[in-house]
Amino acid sequence: MATGRTHRPATRSRGIPEATVARLPLYLRALTALSERSVPTVSSEELAAAAGVNSAKLRKDFSYLGSYGTRGVGYDVEYLVYQISRELGLTQDWPVVIVGIGNLGAALANYGGFASRGFRVAALIDADPAMAGKPVAGIPVKHTDDLEKIIQDNGVSIGVIATPAGAAQQVCDRLVGAGVTSILNFAPTVLSVPDGVDVRKVDLSIELQILAFHEQRKAGEEAMGALADGLPAAAAKGSAEQGPDGDVPAVMPA
């Protein structure tokens, strides 16, 4: 079986834009759902709607893969699943280590979607000696003292960091030093890595803050709408342009 250490995805060498690469998993998820329902073909409009993009962008993305569909028929679902999976490097085995087996790390270890998408959790690693040997998701936790040996023995090139922020950079340095070249970072901190190492950051608090911004904006729009509904048109216009002091809007419009 091939490992991540000896096989790399071909996307960069083929000149596929990073924005397109970021959308390929969305297409694959939508196509996999169609495949599970035994849908043989799909139009660009249907697939674009399922993936949450516009159809013109989808057709442009697929042109980088050399896939153009058939007029009047659409795209072959099974072939696209294979084509995108191959382009993303998911037709081979990618051993992954998860470092930091707290609540989040344990949840990641128990996630059932890794294996079906070409990823194998090779090891779970934690700095707490009390965790050593304890099974999580059927995998015994290893101590961080063994990190380098685990990576080398399993040919690991992808590491997941789910440690507290204060420990993340040191863990990152050790992963990179042992040969890991791609890191998925859940720790709430920015990691410094050398050239040639890819980092993807997942910060749940930032995503929630962005949602809070949109909720606040929607609340402001609703307040403006309610104010406008209760006033004559001229008065509503004036209230939108002036605040309580006559110069600054009370609620800034979006």
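Biologist: What makes strand S4 and strand S6 count as a pair in this predicted model?

Modeller: Strand S4 (residues 119–126) and strand S6 (residues 139–143) are joined over three bridges in the parallel sense, and because a pair needs at least two bridges, they qualify. Leu 124 stands opposite Val 141 in S6.

Biologist: Which helix packs on the sheet there, touching S4 and S6?

Modeller: Helix H7 (residues 147–154) does, with strand S3 (94–99) also among the strands touched, and its direction makes about 165 degrees with that of S4; angles over 145 count as roughly antiparallel, so that word applies to H7 and S4.

Biologist: Why are S5 and S9 said to stand at the edges?

Modeller: The open sheet has seven strands in the order S5-S6-S4-S3-S7-S8-S9, with mixed pairing. Strand S5 (135–136) and strand S9 (198–201) each have a single partner strand, so one side of each is left without a neighbour in the sheet.

Biologist: How do you know that H2 is roughly perpendicular to H3?

Modeller: Helix H2 (residues 44–51) and helix H3 (residues 55–64) pack at an angle of about 100 degrees, their axes being 8 Å apart; since 65 to 115 degrees counts as roughly perpendicular, that makes H2 roughly perpendicular to H3.

Key. Residues numbered from 1 in each chain as written. Predicted model: local features only at pLDDT ≥ 70, side-chain atom pairs only at ≥ 80, totals over all residues. Heavy atoms only, no water. Axes fitted to C-alpha atoms, helices over the stretch in contact; angles between N-to-C directions. Helix = DSSP H or I, 4+ residues; strand = E, 2+ residues; numbered from the N terminus. Parallel < 35°, antiparallel > 145°, perpendicular 65-115°, else oblique. Contact = heavy atoms within 4.5 Å.
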